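Reader: Please take me through one part of this model in close detail. I would like to know what packs against what, with the cut-offs spelled out.

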Amino acid sequence: MVQELLTAAIAAGAAVAVYSGVAARVVRQYERGLVFRFGRLRQGVRGPGFTMILPFVDRLHKVNMQIVTLPVPAQEGITRDNVTVRVDAVVYFKVVDPANAIIEVEDYRFAVSQMAQTSLRSIIGKSDLDDLLSNREQLNQGLELMIDSPAVGWGVQIDRVEIKDVSLPETMKRSMARQAEADRERRARVINADAELQASRKLAEAAAVMSEQPAALQLRLLQTVVAVAAEKNSTLVLPFPVELLRFLERAAPAPAPGGTEPAAAAGPAPRTPPAVAAPPPLTPITGPDPDPDPDPGPASGEPEAD
């Protein structure tokens, strides 16, 4: 009798162990469990930890609640200003309602991927090239709203959408490089012109100050000579100071009254070149009168006969 009871207890223990091994399930911390009994969803979501189901009756489906990084394949499209580009992006999303993520959509990952590709092509067609290159933050927000609208009914929340890269044709890259180079050259010319304007104003002010004090010009000339003399491979030509000429003009004696000029300084008299005799005047040669008068009048001083 005791042996039979012991055998029954061992059999019951083995049955409980087998049942526990078949019915026991473990849900991880980042997962949630959904139990389907004969195909119908049981109320309540199984949290993380150890849980039990009815073997051969219940079926436990685990849903990952982590943020999923989904790369969006590069999409080729034509922008609003008729430029062909290829744009790829990445979508970050997570499941907030496990029941809807399993029941409302067949494969929520594939659905989010297709919706992201469609929305990306739509964003490309509605945007200009400059917006794709420089205004990505606004485009990311618009793309997130376009994907998040249908994903709400699937129990999925779009956390973030980022445009990774915009590929341009080679001809467009060369055109943009030329445009950037021309813009930089324009800015350089404007800066140089502004510098010339400021320099001209400062030089005009310096000239006004030097005109009041002529000695300042001479000092500036000497500074320039010092700067040039520092170079060993240059030849320095020192001009005659204008101020010295003015000093000599003021030091010259004034002419004496009466119109007579002061005597010249002692020294050898300058030699006068010899005078050259002028040639005699030419006498014109006259020929016979081609039309002599046959009846000359009375000679001067004789009275005319009556």
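Author: Contact here means heavy atoms within 4.5 Å. By that rule, and not counting residues up to four places away in sequence, Gln 117 touches Val 72, Pro 73 and Gln 75. This is a predicted model, in which local features need pLDDT of at least 70 and side-chain atom pairs count only at pLDDT 80 or more, while totals for chains, interfaces and linings use all residues. Residues are numbered from 1 along each chain as its sequence is written, and side-chain values use heavy atoms, with hydrogens and water left out.

Gln 117 lies in helix 3 (residues 108-126); helices (H or I, at least four residues) and strands (E, at least two) are DSSP runs, numbered from the N terminus. With a relative accessible area of 13%, Gln 117 is buried. Buried means under 20% relative accessible area, exposed over 50%, and partly exposed in between, using a 1.4 Å probe and protein chains only.

An open sheet of three strands runs in the order 6-7-8, with antiparallel pairing; two strands pair if DSSP finds at least two bridges between them. Strand 6 (68-78) and strand 8 (156-167) stand at the edges with a single partner strand each, so one side of each has no neighbour in the sheet. From one strand to the next, the twist averages 25°. Axes are lines fitted to C-alpha atoms, for helices over the stretch in contact, and angles run from 0 to 180 degrees between N-to-C directions.

Strand 6 and strand 7 (residues 84-95) run antiparallel and are joined by nine bridges. Within this pairing, Gln 75 stands opposite Val 87 in strand 7. Helix 3 packs on the sheet and touches strand 6, strand 7 and strand 8, its direction making about 35° with that of strand 6. Gln 75 is also one of the residues that Gln 117 touches. A further helix, helix 5 (residues 136-151), lies across strand 7 and strand 8 and runs at about 140° to strand 8.

Thr 51 is placed in strand 4 (residues 49-52). Leaving aside neighbours within four places in sequence, its contacts include Ala 23, Val 27, Arg 46 and Leu 60. The side chains of Thr 51 and Arg 46 are joined by a polar contact of 2.5 Å. A polar contact is a pair of N or O atoms within 3.5 Å; within protein, one must be able to donate a hydrogen and the other to accept it, and residues adjacent in sequence count only if both atoms are side-chain atoms.
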